[in-house]
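Hello,

Here is the structure we spoke about handing over. Please have a look at it first; my notes follow below.

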Amino acid sequence: MNGEPKLRVVIVDDEELARQVLRELAGAHPELEIVAECANGFEAVKAITELKPDLVFLDVQMPKLDGFEVLELTGTNMAIVFATAHDGHALKAFEVHAVDYLLKPFGAERFERALQRARKRIGSPPPPLTQLALAVRPPGQYLDRVVVRDGTRVHIIPTSKLEYVEAQDDYIAIASEGRRYLKQQTISSLEESLDPKCFLRVHRSYIVNLEQVTNIEPYGKDSKVAILKNGTRLPVSRAGYDRLRNVLESR
Amino acid sequence: MHPILSHPRQMLLYLVLWIPLTALLGYLFRASGYSVQEVAILLGVLAPLYALMCLLAWYPCRATPLQRAGSVRIAATLTAAAVVIAGTWMFFAMIYVSVLESFESLRGLASHAGMYRMIFGMGLLLYLVWAAYYYVLLTMEASRQLELRATEARVLARDSELRALKAQINPHFIFNSLHSISALTTVDATRAREMCITLADFLRATLGLGQKTIIPLSEELDLVHRYLTVEKIRFGSRLMIEEKVDDVAVDCVIPPLILQPLVENAIQHGVAHLPEGACIRLSITAKDDRLTIAMENNFDPEIKPKKRSGIGLANVRERIAIRYGDAANFQAAADGDLFRVNISLPAARSIA
């Protein structure tokens, strides 16, 4: 048996020549096995969820999904090494517990250092997932879309089409255009990344898109119910009703 | 803003200038046979009164500026205003004299022949003198404004050129290109060398162009082609280009770095976001003294433009506006999954 166990590697970059650099540098290490090369975020999500690699080399700016959105959908249960020409994402990379951040162009020496760091990380417990969604959002900005993974399929939901969100234990259900998408995230962390001018937490378990609300009716003694354009009735708590009234009155 | 009333120093100068004018009036009164005492009593009131009234001469002057109003209008306005003000002064003089007449010692003031005619005539003359003075002030102010605006425009133009230069060489473009070159070194050394040279040519040309204010379109197109050659190596078949340029158009002159930022924008926000890539269609025509640059590219409408986007476009728009003003037209708009930019400039053929 060899001293070191094989590391299964996925390379994600939309530029062929950039993948080529990684392929070549990894080729010098027999313990690395490249199990997939992906040219965009969709392919990356599919490859990572199916193949569960030990190590991912990830570009940030890619078509469809950027590197951080990919991680939001796949989780970070592997060593992540970013490889990008932009030095502006380093802080975010640190927040998602990336083991290293390679700035293009990079050579064999820098690659090896990243590999050493990755080896140290592999085998240690994965960082908690909840912080990921926060890291994806640029500071001072709100999400303009939510990404959801369904098996290996990826759905991109523009927040304008997001009707409401329901908390279900460790998951949230996102309702959009007649469908419900499940995502592993807490409702509070999603609430923080949505624009408070458009979305409101009307109940411990519900966030609603204010554009969708047509009516609010009393329900029982203390609570109310919000009626959405599509007919859905959502419970509104007392605190939620106060917040709702504040927002609607200030409009 | 009244140039004299609102400036204490101007007011002081105005009052000082009235001293010789009053002395002149006094001399005329003396010449018509008034005693020193009578002159002092008359002018002690009438001269300061007219000094105040002549401050009003500013308003007709401001309403009919020398540069814009026609000479007929200016003459008519000035004459009418002079008659009204001088007439009013004469009217006040009549009242004042009739009040003075009630005193025994001053009886006979009004008996001097032609006194009111003299007051009216002097009133007209003095009014016109002050109108001329206001026109001098107005002209000085206008030329100062003009100079100020010219300086501002120069500063603005230089700033935007500098910014153009800074925005121009996108560091990520360089780093990504260098990364591609490093990839090529082992698989295709010849192409790596070619790419190095093209990149160097592009950088040198960009730095050189930033110094110029106007270049032939052919030179800008060369720059664009170098840029596209480098990007084509990075993006491969994902980057498609269709180019249609009129033979007459290449001789037209344009400000440098107008076209290249448009193409770069199309790559950054179009090609780079589409897995299958995108096509950039560039068409340049010269017709009826107008140079029209039309560019369109596919983009992913689901991706909201991030903050940095549009800086290149805004910069191009700004520089065109500074250089051509209303003679140029810049339009950029998304239509479905196509992004279109249209620029129309006056077609000039020689380097001025």
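**Helix pair in chain B**

Helix 1 of chain B and helix 2 of chain B are oblique to each other, because their axes cross at roughly 140°. Keep in mind throughout that this is a predicted model. Helix 1 covers residues 8–31 of chain B and helix 2 covers residues 36–54 of chain B. Their axes come within 10 Å. The crossing of these two helices is right-handed.

Which residues make the contact? From helix 1 of chain B, they are Leu15(B), Trp18(B), Thr22(B), Leu25(B), Gly26(B), Phe29(B) and Arg30(B). Helix 2 of chain B contributes Val39(B), Leu42(B), Leu43(B), Ala47(B) and Ala51(B). Sorted by class, that contact has nine nonpolar, two polar and one charged residues.

**Chain A overall**

Chain A has 251 residues, and 43% of them count as buried. Its secondary structure comes to eight helices and 15 strands. Take the contacts in chain A between residues at least 6 apart in sequence: 53% of these join residues at least 24 apart.

**Helix 3 of chain A**

Helix 3 of chain A spans residues 67–74. Eight of its eight residues are buried, so the helix is largely enclosed by the rest of the structure. The buried set is Gly67(A), Phe68(A), Glu69(A), Val70(A), Leu71(A), Glu72(A), Leu73(A) and Thr74(A). Gly75(A) comes just after this helix and takes a positive phi of about 80°.

**A three-stranded sheet in chain A**

Three strands of chain A form an open sheet in the order 13-14-15, with antiparallel pairing. Strand 13 (213–219) and strand 15 (233–236) of chain A are the edges, each pairing on one side only. Direction ignored, neighbouring strands of the sheet are turned by 30° against each other on average.

Strand 14 of chain A (residues 223–228) pairs with strand 15 of chain A over four bridges. Ala226(A) stands opposite Leu234(A) of strand 15 of chain A. Helix 8 of chain A (residues 238–249) packs on the sheet. This helix touches strand 13, strand 14 and strand 15 of chain A. Its direction makes about 100° with that of strand 15 of chain A.

**Where the chains meet**

19 residues of chain A are in contact with 21 residues of chain B. On the chain A side, helix 1 (16–27) and strand 7 (153–158) are the elements that give two or more residues. Helix 1 of chain A supplies the largest share, six residues. By class, the chain A side has nine nonpolar, four polar and six charged residues.

Best wishes

Conventions
Residues numbered from 1 in each chain as written. Chains lettered and ligands numbered in written order. Predicted model: local features only at pLDDT ≥ 70, side-chain atom pairs only at ≥ 80, totals over all residues. Contact = placed C-beta atoms within 7 Å. Nonpolar A, V, L, I, M, F, W, Y, C, P; charged D, E, K, R; others polar. Buried ≥ 20, exposed ≤ 12 C-beta atoms within 10 Å, placed from the backbone. Axes fitted to C-alpha atoms, helices over the stretch in contact; angles between N-to-C directions. Parallel < 35°, antiparallel > 145°, perpendicular 65-115°, else oblique. Left-handed = near helix turned anticlockwise from the far one by under 90°. Pairing = 2+ DSSP bridges.
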